[in-house]
Amino acid sequence: RLLLSYKKMKYYTDGFTIQSNPSTIGGGFTVVDELGKLIKREEILKEWFTNNEGELLGVLYVLENFNNCIISTDSMNTIYWIKKGFSKARPDLKDVLLKAKTLKEKKEIEIIFEPREKNLAGVYNENYGLINL
């Protein structure tokens with residue numbers, strides 16, 4: 001019997017803010033694949049946007065658009081919030097967190113923590129993405 005094995009694609013996510021955290025201007029998120037190819041970079045103009053919000057929106061983007069993958073983030077906070085499906089500190093993110101938790105469970109997608117230096121989306125932001133902000 002032939003056994004086929006396959007590797008799940010890994011997507012790296014990173015949030016950012018413009019000028020400060022929280023930002024009075026906005027921020028966004030970056031998603032790259034395991035080869036470092038840019039998948040999505042979105043800037044969100046919103047007063048009091050935080051890095052945590054950007055991290056969460058990056059993970060949500062992957063959850064909404066991909067299946068059978070692994071999501072890597074350098075935010076333990078984001079992982080914890082999604083696992084719970086809410087945040088006492090950020091009740092304004094309730095709907096986003098519940099949606100992320102539901103998609104993660106439905107699609108059985110693993111979200112893992114990896115340190116900043118291994119986060120290819122963070123590397124992208126530091127080297128390319130934030131030049132235009």
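The legends below go with an overall view and several close-up views of one predicted model.

**Figure 1. The whole chain, from its elements to its surface.**
This is a predicted model, in which local features need pLDDT of at least 70, side-chain atom pairs count only at pLDDT 80 or more, and totals for chains, interfaces and linings use all residues. Residues are numbered from 1 along each chain as its sequence is written, and side-chain values use heavy atoms, with hydrogens and water left out. Let's start with the parts: the chain has four helices and five strands. Helices (H or I, at least four residues) and strands (E, at least two) are DSSP runs, numbered from the N terminus. Starting at that end, the order is β-β-β-α-β-α-α-β-α. The C-alpha trace spans about 60 × 35 × 25 Å along its principal axes. A compact globule of 133 residues would have a radius of gyration near 14 Å, and the chain's 15 Å agrees with that. The radius is taken over C-alpha atoms, and the globule rule is 2.2 Å times the number of residues to the power 0.38.

Of the 133 residues, 45% are buried. Here buried means under 20% relative accessible area, exposed means over 50%, and partly exposed lies in between (1.4 Å probe, protein chains only). The chain exposes about 7,900 Å², with 53% of it supplied by carbon and sulfur atoms. These areas come from the Shrake-Rupley method with a 1.4 Å probe, and for residues only the protein chains shown count as cover. Contact means heavy atoms within 4.5 Å. Among contacts with a separation of 6 or more, 61% are between residues 24 or more positions apart.

**Figure 2. Asn119, a buried residue in a loop.**
Find the loop between strand S5 (110-113) and helix H4 (120-129), and you will find Asn119 there. With a relative accessible area of 0%, Asn119 is buried. Its side chain reaches two backbone nitrogens: that of Ala121 at 2.9 Å, and that of Gly122, also 2.9 Å from a polar side-chain atom of Asn119. A polar contact is a pair of N or O atoms within 3.5 Å; within protein, one must be able to donate a hydrogen and the other to accept it, and residues adjacent in sequence count only if both atoms are side-chain atoms. Leaving aside neighbours within four places in sequence, Asn119 is in contact with Tyr12, Thr13, Asp14, Ser72, Thr73 and Asp74.

Most residues other than glycine have a negative phi, and most peptide bonds are trans. In the loop between strand S1 (9-17) and strand S2 (26-33) sits Pro22, joined to Asn21 by a cis peptide bond with omega of about 0 degrees. Trp48, in the loop between strand S3 (38-45) and helix H1 (51-65), is not a glycine and yet has a positive phi of about 70 degrees. Asn68 is not a glycine either, and its phi is positive at about 50 degrees. This residue lies in the loop between H1 and strand S4 (69-73) and is partly exposed, at 36% relative accessibility.

Trp81 belongs to helix H2 (residues 76-84), and its relative accessible area of 6% makes it buried. Not counting residues up to four places away in sequence, Trp81 touches Asn52, Phe86, Ser87, Arg90, Leu93 and Leu97. Its C-alpha atom is 9.2 Å from that of Leu98, 17 residues apart along the chain. Now turn to helix H1, where Glu53 is placed. Glu53 counts as buried at 4% relative accessibility. With residues up to four places away in sequence again not counted, Glu53 touches Lys46, Trp48, Arg90 and Leu93.

Gly15 is in strand S1 and counts as buried, at 4% relative accessibility. Setting aside neighbours within four places in sequence, its contacts are Gly28, Phe29, Asn51, Gly54, Glu55 and Asn125. The C-alpha atoms of Gly15 and Ile44 are 11 Å apart, with 29 residues separating them along the chain. Gly36 is found in the loop between S2 and S3, where it is partly exposed with a relative accessible area of 35%. From Gly36 to Leu98, 62 residues apart along the chain, the C-alpha atoms are separated by 29 Å.
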